[in-house]
Amino acid sequence: MFERRRLLGVLLCVLCLVGSGSAKIISVTFAHATSGSPGQMEPTDLAGAPGIRVANWNNLTNLNRTLGDDEAVVYDDGPAVDGIGISIDTPRNWSNRDNNNSYQNDQIMYNGVIDCFNDITTLTLMNVPFDQYDVYFYMRDDGASRAGSFTLLGGPTYYLRGTTGNPTADGEGYVLSTDTTMTAGDNASIDPGNYAVFQGLSGDSVFEITAVNAGDGTMRNKWAGFQIVGTVDPHSSRKPSPADEATDVSRDAVLSWTGSQYTVTHDVYFSTDFDDVASASPDALVAPGQDVNVYDPGILTFGQTYYWRIVEVNGPPDFARYEGNVWSFEVEPFTYPVANVTASASIPTTAGNGGPEKIIDGSGLGANDLHSIDDADMWLGDVTGEPAWLLYDFDRVYKLHEMRLWNYDINLEPYIGFGIKDVTIEYAVDADNWIALGDFEIGRGPGIPYAGMSIDLDGIAAQSIRINIHSNWGGQNRYGLSEVRFYQIPVYAREPEPADGAADVGINTALSWRSGREAATHQVYFSTDVNAVADGTALFDSVAASTYDLPTLDLGTTYCWRIVEVNEAETPTSWASNVWSFSTPESVLVDGFEDYTDDAGGEIFSTWADGYNDNSNGSQVGHDNPPYAEQVIVHSGAQSMPMRYGQGGATTSEATMTLPAPADWTAGGATTLVLYFRGDVSNAPGQLFVKINGIRVDYPGAAASLAAPLWTQWNIDLAALGNAAKNVSSMTIGVAGSGSGLLYVDDIRLYREAPPQPEPPVNPGTANLVALYTMEDSLADASGHGYDGTAQVGASFAQGIPGYGKALELDGTSGHATLPIGPLVQSLSSATFATWVNWTGSGSQWCRVFDFGSSTDVYMFATPNASGGTLRFAITTGSSGAESQLSSGSMLPGGWHHVAATIDGAAMTMALYQDGEGVASGPTETLPQDLGNTTQNYLGRSQWADPYLPGSIDDFRIYDRVLSAGEIRYLVGDR
């Protein structure tokens, strides 16, 4: 009944990313088309970050196209590339920063840039196997405080700044992590650097490259190029566990890795000798011809470094061998230093010296645990005749193995003898019960850096250690000590999974932890009651392994747990971990429509089967051309499902998703299925329904909701589905009746408690309606207050929104309307401005829906496309620098949409709405009445020399009060 058009595109050609040999690098820089001009990288030029400075950079010379359309694209070693797509879409031009033909290598790479201002450049990388490739971004600075942000859609944002001038020839720079943050006007947290690295990506990746205010008020980002960097031979093993160079690895660790898709068997090399592993010596071959990707080396040695590699062996006919990288890891130490220690002393600190905290702060300790002879790194106390002691308190009871001490040790210590000598050491689990460990003599400091001494604590359980001082080495009236450290045996359970405080943990999860060193069994305490877990009344089970499979959990619930490690042969017999917690999500996702692509098999209509080639089913899922999923009109995330209904006159339109396996939708205590739908003003309504396993449930609201261009929340009681909700195999979304149109669906989720519904729609009435322009062939004020407007040249009247009659149509060149509302504006303390807008969405940054004012200093406006591509409302009496403004997250989409702005004069706040949804709110310093008797009150025109609005306006309303959210939804069509 209809034919879906599909995208046909030619990507890069000749060879494939996944091939034989070592991993490759694709390097792209921006340059003018003339060979040899500044910014043009030559085949012999080397550039890039340290370690990946390569030749054969690809010069991208034209805007807004896919790399490879008109030129060969090559790897760093010269061969051409095949199988990936690199597309750049930018409103900016290429720009050469300097005209110096003597530049070479890295300098040329940073010379040609895309000079981003207050707009967004998009880079799309398609079909890149990101398990094997990273992406490096480069920017430069020519002396001003430029800063850029590189955002992976749905992922992290990297911020970075360039350095003044060109980078050094060796390409030095700084890699910035995703923890780096920067707010507008504040660059304190941004280090200067030349590149940022994205790792661990997946799927087709879309990056948005933008400018950021770096502190000087200028938004610019000079993007110089990027590299797609191969990290491993695609035939070789990768993703080792333990990770390469990992430390503190458990003694019972099992090795695992990801093998090549071509591999038939794996040869495992494992040894404490790097050379044996690196040379693939038979002495290190521990598992030849293994057919699984795991190897258990048995119990490992404390503190030992191990080396390993995997040789991947292909099948017939060649049985080729691919030697992977040599990986290493370090096994956990036998003991760990006690981290949380506080120190105190019974005698006063000698004037000019640091307090007893100097004994535990690590100051003065250097390589090989040698302590300095600087007295600033030590403690010195005055003898007062009272008992002298040093007290060390820990944050909990530990099983202590050793105490290391470094005595007082300035260069004159062999002569003055301030260092402590005869001591008695005591320990306690609580402050009321001290036990003597014994009497000890502390060795005298030699006057040169030394490694201290060790006292065996023999596994005592203690929360406090006290050193009672009886004498020093010189008979002086001062006692000194440089440093003390305590080492504990890890007998507590630690490293919980889920991590402490984790959110959105699945309702089907397992607990795991790193076992205490001496545990024979593990008692699992688990409850929603933190007190029951803490006081030991919530014993859930006792297990032998350090994992525990939980029953299905409830949605929207916080759980607490702890592990008590038990060994009856030890003293004490048990060690209770900290109390940990995690929470489950409020909902379970059925479909958020985020994962659909335009690749064969990944399209949205491949999951949601529609009426394609079925004349009795009038549905069409997805747009005619890619992107098939909707990426502008979304409830949350980046995509929603567009579904046409009533195609070809069919009276039933259905789209059905078949689940890969039957699912219990009541798991986790779920009671409600929630989905969001949105109609269109041009729709002819019908009866919306869903079917679960064929059981139909009709939408109980008005059919007119399908013609309202706002998101409507529909809650469906799972109890109405009976047993079908416990064994769901399919879900259908449909529309019945003679209507037709376009429906959007998003965020289908299961809830234990459904989120609250939006404020119900309320008719705002006409009592406070002070101006109304219905655009029925004139700008007459239909409110009856006489503020009749005038259409100017380039403005006309044409058919508007279905059901609304005509609209004011503006040509985008000169068309606008003037309104005589100056006396009205100066009377408004609180107000609401609401209208329908059909903007072409074709650019025209800063064009106006309306702009009421008297000059470029005094105005109030709404624009569909402000800086950065956002819907914005602003008001000021001090020009742009003094604006109170609100901005949404994106520009107003094309087509008919409702825009409303409210100002509350009592609360000095304002709010911005798009299609009935609040998109921004905040304070205001200015009210409409502060603008005075405005003399230039425009529809479709700016106070400034900005573009005119290309599009249409209808049903423009002004109220002299703040409409509620429900009243604004009513204006949009929620009835």
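**Surface, core and pocket**

A: This is a predicted model. The chain exposes about 39600 Å², and carbon and sulfur atoms supply 47% of that area.

Q: How much of the chain counts as buried?

A: Of its 975 residues, 51% count as buried.

Q: And how many helices and strands are there?

A: The chain has seven helices and 64 strands. For contacts with a separation of 6 or more, residues 24 or more positions apart account for 73%.

Q: Which residues touch the most other members in the largest nonpolar core?

A: That core has 58 residues, and the ones touching the most other members are Phe582, Ile604, Trp608, Leu673, Met731, Ile733 and Ile748. A second, separate core has 44 residues, including Val837, Val858, Ile903 and Ala920.

Q: Take Ile733. What is it in contact with, leaving aside neighbours within four places in sequence?

A: Its contacts include Trp608, Met641, Met643, Leu688, Phe689, Val690, Val745 and Ile748. Ser653 and Glu654 are also among the contacts of Ile733.

Q: How do the lining residues divide into nonpolar, polar and charged?

A: Four are nonpolar, four polar and seven charged.

Q: Which strands each supply at least two residues of that lining?

A: Strand 31 (494–497) and strand 32 (510–514) do.

Conventions: Residues numbered from 1 in each chain as written. Predicted model: local features only at pLDDT ≥ 70, side-chain atom pairs only at ≥ 80, totals over all residues. Heavy atoms only, no water. Core = buried A, V, L, I, M, F, W, Y, C linked by side-chain atoms within 4.5 Å. Buried < 20%, exposed > 50% of the residue type's maximum accessible area, 1.4 Å probe, protein only. Contact = heavy atoms within 4.5 Å. Helix = DSSP H or I, 4+ residues; strand = E, 2+ residues; numbered from the N terminus. Areas by Shrake-Rupley, 256 points an atom, 1.4 Å probe, with all protein chains shown as cover. Nonpolar A, V, L, I, M, F, W, Y, C, P; charged D, E, K, R; others polar.
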